[in-house]
Each structure stands twice: as C-alpha cells, then as structure tokens.
Amino acid sequence: MESNYVKGGGQRVALLYDERMCKHWDPEDKYHPESPDRIRAIWKKLESAGIPERCEVLTAKEADDKYLELVHTKKHIDLMRNISSTNFDSRRSKIASRFNSIYFNEGSSEAAYLAAGSVIEVSEKVARGEYNSAVAIVRPPGHHAEPDAAMGFCLFNNVAVAASFLLNERTELGLNKILIVDWDVHHGNGTQKMFWTDPRVLFFSVHRHDFGSFYPGGDDGSFTMVGEGLAAGYNINVPWEHGQCGDADYLAVWDHILIPVAKVYNPDIIFISGGFDAAIGDPLGGCRITPYGYSVMMKKLMEFAGGRIMLALEGGYNLSSISNSVLACVKALLEDQPISGSLEAYPFESTWRVIQAVRQELSPFWPIFAEKLQEKELLCRPYTFEPHLPSSSESDDEKVEAKILAVTEESCGASEANVSDIHEVSHVLSALKVEDSDTEKEVALTKDCPSECLKGTLETSCSWRSDYAKIDIWYGSYGSNMWKPRFLCYIEGGQVDGMQKACPGSNDGSLPKEIKWKIVPHRLCFGHSYTRTWGSGGVAFLHPATNIDEKAYLCMYKITLEQFNDVLLQENRLNPSLASPLFDLSALDLVVKNKSLKLEALMDGWYSNIVYLGTEQEIPILTMTCSLADIEKLKSEVSSLPPSEAYEKTLVKGLVEGNQLSKTEAEDYIRTASTRGF
C-alpha cells in the first residue's frame, strides 16, 4: 500500500480509526463517560494538527473468534457475539447488570469485534516491520476484560488478544518477548490474569490503588502480585497510594523501575495499554499527567524494541485531556520536535515509598533492583490533603467560563477547550446561585503550594475546597444519620454510643445551616451482616428507583458541596483527604439531569450511587445509596437482615427526636423495612 509520509525523522506510523466503533453507547445514560465522543474528539484533534496526512490510516477489521479464544472462554465470546442481536433486546440491560460497570446496545457486538480486530491488525503490521509504530484509536477499551467476563467498560481484552495472537499464531515472526506497558489510571486486572503464568510477556501496570479502594479494587493491583511459576517476576505493579500523581511521579517510576527492567528484558515489541484517565483534568482518575509528560514517557520507551510500539486506547474521559495527550504521543512517535513542558515538581514522598517497595519485592527476580537508590535521588514533596490557595471568586458566568477555559488550555497544552464541559460548569454555578463576596480575590502562588497546583481545572485545583464551600446542597439521610449527633460525627469527627469506630470528620466542621424532614417514594432496605462502624447487623439502603407505593423518611441537612464530598468518603469507609473533589460540579450537573450517578472511584463502596431527589428552596437534594445493579446482586447474594441493636436504636432516636414518629411507630417502621427485603 502506498503511503504519504512527510520527511523529517522518517518514522512510519499507522493510525487506525473507524466510526463504526461509535455505534456502542449506553442506551440508559447518554452522559456515560465511556461515550463515542471519546474517539471522535481524538480524531478531530489529530485532523486539526494535520497528523493523518503524515501517517497511514487503516480501517478496522473484526476479530476472528479463534483469535479471541486465545484469551477468552467460548461462553464469553458467544455472549459478546450475540448480545446485540434482536434475540437479546428484552434481556440486554438485565444481562449488563450482572457485570461490573458494563452496558450493551445494538452496536456493542460489532464495536467489540472491531476493537479487538483492529489491535490485532496494527500489531501484526508493526511486528512485520511495515510500520515503526501504530496507534489504534479503539473502543470499547479492553484491559479490565477477564477471560470469562466483561468488566469496567471493557468487553474483549484487545491488547491481550493481540499479544497472544503474535506469540501463538505468528510464530514465524520470532517474537518471544512482549512488554505490555499499562499506564491507564486503573489496574489492568484482566491483562494480568491472562499472562500470570506466561514468561513470554512482561506486564507492567502503574495505577492508582489507594490501598485496594480504587477501582477495580482488591489486592490484584498490589506490588506483591509478581506472577507465578516461570512467569514469577514478569508481573510488575506500581500502585499509587493516592491521586494527584503527575509527570514527576510517573517519570520517576520510568527511570527507577520500568527502564532498568526493559534494558535487561530487551523486548521484541512493546504494547501500550494507553489509557489517558491519569491525565490532568480527568473526571475519574484524579491524577495529573500533562501531554508533555506522556510524550516523555513515550520517548523513553522508543529506545527499546527498535522503536516497535503499538498503542491501543484504553480509558480517558476528559475530551480535551485525552485528545491532547494522544496527539502528544503520536508526535513523539513521528519524532517531531518535543512539545513544550517542564518538570518543576519533585515526586511525592509516597512515590518513592512505592518505588522502593516494588524494587525490593522484585529484587529476587531482577538483580538490578538490589542496588539501593541514592539519597540524592529521593528528593520529594509531601502529599498535601488540603493545599490552600485563595479562591478566585466570580459572580459573572462569563468570567467563570473564561477562567476555566484559560486554565484548561494551560493544563492540557490545548489551543481549544471542551466548550460543552465549560458550559456545564457555568450552568451549575449559575443555577446554584453561588454566594460570593463583592471583592474579587486573585489566585496567588505561595511557597507552600507546588506550582503544578495552578495547572488544573476548577475541579482539580488546589482551591476546590474554598470554591465548593460556597455551594449548598441538601444531604438526605435515611439511616443512622437521621440522628443529628450521629451525623455530626461526619462533620466534627468522633463517635456516638454504639459506634465501634470514630469518624475523622470534615475539613470544614461548620454545623449544618438547616435541618428539614421529607418523605420520599422509595423503599427502605437493610442488608449486609457486618460494618466497621456498627459491627454485626444490617446497614440501610434506599432503593434508588422511585415507587409511589413506598415511603421512606429522609432527614435533610443543608451543608456545602465540600462537606458532602467528605461525608461521601466517610460513608464509603475512606478518609476525607481529597486533593481533588470526588463529586465535582460536572458530576452534580449529571446527577441533576440523570437522577442518579454511579461514581467509579467508589465502585466497591456500599454508597457509590448518588441519587437526586428534587430540590428544596431551589437547592438540590442528594442522597447516597447503592445502584440498581447492586440491588439485583443483593437480592441474590444477601438476604435482608435486621439491624443490630445499636444501629436500630440510633435510627429510632433520629425519627423520635426529629418529631417524625413515636418510639413504637419508629420501631415498627424499621422492623417492617428489615423484613421486606429488596
């Protein structure tokens, strides 16, 4: 095939993009983060930069089942092949609910087959030397998909399929060592499982772990997971302890773990599971890699395998960040002049702690890690839970919009911002009537706050707490928080009688501005046999779907959006130490539009679903509960359980002291709810 490359570096780069993969979308949530706009925005950005004219543009091809069977079970493949057929029209949503963070529609099968087939196609062409490198702009993503299950937006494990294809079906190419670098902010659990005992693949994943609380959760992403048998030492996890990790942190990992291993391993080809949800401004990731950072990471990898690199798109949900980051990577592959950027900040001290733990764990398999890092290499900065900056107060929507645009351009290296996102933020600020001072405050950089704090969007900047302290919401409680002294543990810290564990409290210990009661058309349910706060006994859930035949009592506290973020974390058994808000303005706008919003970062928490229950005094009423999918799981896995004595007493106290029911009526209300189930 004749290609049309420009001179200057002489790198032959292939791009694969196919609009047919946009047919996969969530029929129940048009604002779902894994949307067709992700790849459309990337392609538009590449076109505006004149990149396709300098590369060979390939068309997607569907994968053959025999290649998918290299890593997936036949049962899983059959389901993915048929899920979009008319035979599944009435069952599609129910089947999707059985999986973890998955949706299906009429275009899902075709998109899944195209995504996997595309990564096979470009990988083989790079392996054969037709191109130096390739970028597959595909969706749905793949690295969470396990041998027998779809998971985390992923249907087939695209990269794992392609790697197994080259190793097992194209043996004549002589590829015996494949390095898979997964820089998606989430751990590549599916890929890890598929090559757990295969020494032909070195799997490297750097990801947020948060001690097992960040999606996909659990211990799979721990640095102690190193592989088994002949593959022991060939599985490398670098698990961040918290968010906000940026260029300096990732490049420290490159320099002290990945690059030393790559030199010894000497891979024949490199696959990159290219998630860009660790990019600055991503709504799910909470990290801070800039386009410049991605370009440097890519450049360092180009020194190996003769520059034979295949990047397949995984996650990334901020359209500006993902577009600019992919563009930076493609420019690096084309050997363009480096994009502008600098590494002013040191890594976090926790980054060095993780690096040293990983090196020690792997030193029996990689002797190079037995060498201790020099003290001069360990310069670091502390992880600051609340880096204070004066907030920028804007009462005029146009000024707010202009500010967000300017910050977004700075952080992403963009010439244009995601205008729809900006309008969403501006709309929310206007609708919520943000209380502001008459005097406009200037954003100032202080010695106590690293310079990169100024490079985030409004949601991820150092000043988010002061910004969100001006926004009021109603938090509606239907459980133990109905009793005011219990709820104040989440605000002021401490514990009340019956609680086995104290709460750390909110960064803002101000009391609720107002308390109101409301009856809502939802079912109150109880489930789970143990909680760290109350010990043995039930925990309350509000069924997320409305039902006019049901009624539940709701105690509403008027608090700030900052306090709501801290309560949300404590309700999900996490400390309120947010460098960026978990529930930001975009999420608030989405939940008002869609009535509920499942937060991926809390996927393993009991209260990860935010539900919108209307307004009071033109202020949104929010509660937190489980999702409809969780309800279905609870029906099958956990029978409804009565609350523990201490927990029940607390609920009764709330209803009685709130002048809603007598003690007898309150006890009957709780008893009835606990026996009805879900």
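Trainee: How many helices and how many strands are there in the protein?

Mentor: Bear in mind that this is a predicted model, and that every value we discuss is computed from it. Of the 678 residues in the protein, 61% are buried, and among contacts between residues at least 6 apart in sequence, 76% join residues at least 24 apart. As for the elements themselves, the protein has 20 helices and 18 strands.

Trainee: What is the geometry of the aromatic pair formed by Tyr113 and Phe156?

Mentor: A pair of aromatic rings is described by the distance of the centres and the angle of the planes. The structure holds 20 aromatic pairs, and in the one formed by Tyr113 and Phe156 the centres are 5.3 Å apart and the planes stand at 90°. Since planes over 60 degrees apart count as edge-to-face, the pair of Tyr113 and Phe156 is edge-to-face.

Trainee: Which parts of the chain does that pair link, and how many residues apart are they?

Mentor: Tyr113 is buried, as is Phe156. Tyr113 belongs to helix 5 (residues 108-127), whereas Phe156 is in the loop between strand 3 (133-136) and helix 6 (158-169). The pair therefore links distant parts of the chain, under the helix and strand numbering used here, and the separation is 43 residues.

Trainee: Are helix 5 and helix 6 oblique or roughly parallel to each other?

Mentor: The axes of helix 5 and helix 6 are 8 Å apart, and the two helices pack at an angle of about 40°. Angles under 35 degrees count as roughly parallel, so at this angle helix 5 is placed in another class relative to helix 6, namely oblique.

Trainee: Which residues make the contact between helix 5 and helix 6?

Mentor: Helix 5 passes helix 6 in a right-handed crossing. On the side of helix 5, the contact is made by Ala112, Ala115, Ala116, Val119, Ile120, Ser123, Glu124 and Ala127. On the side of helix 6, the residues are Asn158, Val159, Val161, Ala162, Phe165 and Leu166.

Trainee: Are helix 8 and helix 11 roughly parallel or oblique?

Mentor: Helix 8 (247-265) and helix 11 (residues 349-362) have axes that come within 10 Å and cross at roughly 25°. Their crossing is right-handed, and Asp249, Ala252, Val253, His256 and Ile257 of helix 8 meet Thr351, Trp352, Ile355, Val358 and Arg359 of helix 11. Because angles under 35 degrees fall in that class, helix 8 and helix 11 are roughly parallel.

Trainee: At what angle do helix 19 and helix 20 pack?

Mentor: Helix 19 (residues 645-657) passes helix 20 (residues 663-676) in a right-handed crossing. The contact includes Leu651 and Leu655 of helix 19 together with Ala666 and Ile670 of helix 20. The axes are 9 Å apart, and the packing angle is about 130°.

Trainee: Which ring has the charged end of Arg486 over it?

Mentor: In helix 15 (residues 484-492), Arg486, Phe487, Leu488, Cys489, Tyr490 and Ile491 are buried. The buried residues of helix 15 pack against strand 9 (472-477), strand 15 (552-560), helix 16 (561-571) and helix 19. The charged end of Arg486 lies 4.4 Å from the centre of the ring over which it sits, and that ring belongs to Tyr490.

Trainee: Is Gln244 buried or exposed?

Mentor: Gln244, in the loop between strand 6 and helix 8, has a positive phi near 75° although this residue is not a glycine. Its relative accessibility is 9%, and since buried means under 20%, Gln244 counts as buried.

Methods: Residues are numbered from 1 along each chain as its sequence is written. This is a predicted model: local features need pLDDT of at least 70, side-chain atom pairs count only at pLDDT 80 or more; totals for chains, interfaces and linings use all residues. Side-chain values use heavy atoms; hydrogens and water are left out. Rings of Phe, Tyr and Trp (its six-membered ring) pair if their centres lie within 6.5 Å; planes under 30 degrees apart count as stacked, over 60 as edge-to-face and the rest as tilted. Helices (H or I, at least four residues) and strands (E, at least two) are DSSP runs, numbered from the N terminus. Buried means under 20% relative accessible area, exposed over 50%, partly exposed in between (1.4 Å probe, protein chains only). A charge sits over a ring if NZ of Lys or CZ of Arg is within 6 Å of the ring centre and within 35 degrees of the ring normal. Axes are lines fitted to C-alpha atoms, for helices over the stretch in contact, and angles run from 0 to 180 degrees between N-to-C directions. A crossing is left-handed if the near helix is turned anticlockwise from the far one by less than a right angle, and right-handed if clockwise. Contact means heavy atoms within 4.5 Å. Angles under 35 degrees count as roughly parallel, over 145 as roughly antiparallel, 65 to 115 as roughly perpendicular and the rest as oblique.
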